[in-house]
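Please open the model in your viewer and keep the sequence panel beside it. The tour below moves from one selection to the next and says what can be found at each stop.

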Protein chains: 2
Amino acid sequence: MRTLTTTILATVVGFGLAALNATARAEEKPGMVLKHIVMYKFKDDQKPEQVQEVVDTFAGLPGKIDAIIGFEHGTNVSKEGKSEGFTHLFAVTFRDEAGLAAYLVHPAHLHYVSVVKDRREKVIVLDYWTKE
Amino acid sequence: MRTLTTTILATVVGFGLAALNATARAEEKPGMVLKHIVMYKFKDDQKPEQVQEVVDTFAGLPGKIDAIIGFEHGTNVSKEGKSEGFTHLFAVTFRDEAGLAAYLVHPAHLHYVSVVKDRREKVIVLDYWTKE
């Protein structure tokens with residue numbers, strides 16, 4: 001038979017494990033990955049080589065940040081006229097929210113931000129979960 | 001020895017083949033696919049079931065349009081505050097520009113457009129080439 005103390009301890013431990021489990025569920029989803037989409041419209045005064053430096057610096061991040069498990073980028077070729085001036089898109093894939101969080105504070109990413117921040121006129125960032 | 005007529009014919013055919021080849025190069029890229037990114041901000045008066053109908057109709061297109069060779073969609077979970085109100089993203093993959101062109105005029109896509117057009121407040125469309 002349980003003593004009162006044992007019962008209280010078991011309850012507390014149970015709640016603790018449930019809370020840990022809830023945290024894990026919020027950060028990772030089995031079979032899913034977290035995609036981080038970044039789009040830019042550059043300022044009109046930007047020279048092609050300044051835009052290219054942004055692209056090259058961003059494209060160098062997968063070699064420097066282990067949390068990046070997938071990377072794509074490209075320039076807009078749509079003829080629908082619905083780009084709102086956005087010309088460049090980057091799609092960065094992470095295992096989970098912890099991977100994205102590690103990326104955002106990584107020194108290589110912070111250096112990238114210092115390169116792009118005064119060259120972009122507009123930026124949009126969307127993250128979404130999708131199947132691997 | 002060639003006659004003048006044969007030479008002229010060969011020249012005309014040569015230019016024709018070169019033109020066809022240039023067209024093909026503009027429409028497809030070996031080892032690459034064309035990704036079509038669509039993002040929406042829905043109108044404030046839209047009920048969840050109206051937004052869900054848009055999502056479900058879009059998500060039904062891969063089963064109806066052979067030109068679609070890849071499809072992802074998701075809702076924004078970014079905490080960076082750079083989403084500009086866009087909440088939904090769809091990524092549709094095509095083999096080439098001919099695939100995208102076939103999709104845009106496909107009856108199932110035109111029906112989808114009729115569902116979404118009065119429900120969205122903002123839309124952005126970007127297309128980019130990336131490795132398969």
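Two residues are taken to be in contact if their C-beta atoms, placed from the backbone, lie within 7 Å. Helices (H or I, at least four residues) and strands (E, at least two) are DSSP runs, numbered from the N terminus. Axes are lines fitted to C-alpha atoms, for helices over the stretch in contact, and angles run from 0 to 180 degrees between N-to-C directions. This is a predicted model, in which local features need pLDDT of at least 70 and side-chain atom pairs count only at pLDDT 80 or more, while totals for chains, interfaces and linings use all residues. Residues are numbered from 1 along each chain as its sequence is written, and chains are lettered from A and ligands numbered from 1 in the order in which they are written.

**The sheet of chain A**

Select the strands of chain A, which form an open sheet of four with the order S2-S3-S1-S4 and antiparallel pairing; two strands pair if DSSP finds at least two bridges between them. S2 and S4 of chain A are the edge strands, each pairing on one side only, and from one strand to the next the twist averages 15 degrees.

Next, select Lys35(A), which stands opposite Thr93(A) in S3(A) and has Tyr128(A) as its bridge partner in S4(A). Antiparallel S1(A) and S4(A) are joined by 11 bridges, whereas S1(A) and S3(A) pair over seven bridges. Six of the seven residues of S3(A) are buried, a residue being buried if 20 or more other C-beta atoms lie within 10 Å of its own, exposed if 12 or fewer, and partly exposed in between.

Then show helix H2 (residues 48-59) together with helix H4 (residues 107-116) of chain A, whose axes come within 10 Å and cross at roughly 170 degrees. The helices H2(A) and H4(A) are therefore roughly antiparallel, the word used for angles over 145 degrees, with those under 35 called roughly parallel, 65 to 115 roughly perpendicular and the rest oblique. Glu53(A), Val54(A), Thr57(A) and Phe58(A) of H2(A) make this contact with Tyr112(A), Val115(A) and Val116(A) of H4(A).

**A loop glycine**

Move to Gly85(A), in the loop between S2 and S3 of chain A, which is partly exposed, with 13 other C-beta atoms within 10 Å. Leaving aside residues up to four places away in sequence, Gly85(A) touches Lys41(A) and Lys122(A).

**Where the chains meet**

Finally, select the contact of the two chains, to which chain A and chain B give 22 residues each. On the side of chain A that touches chain B, strand S1 (32-42), strand S2 (68-75) and strand S4 (120-131) each supply at least two residues, and S4(A) gives the most, with eight residues.
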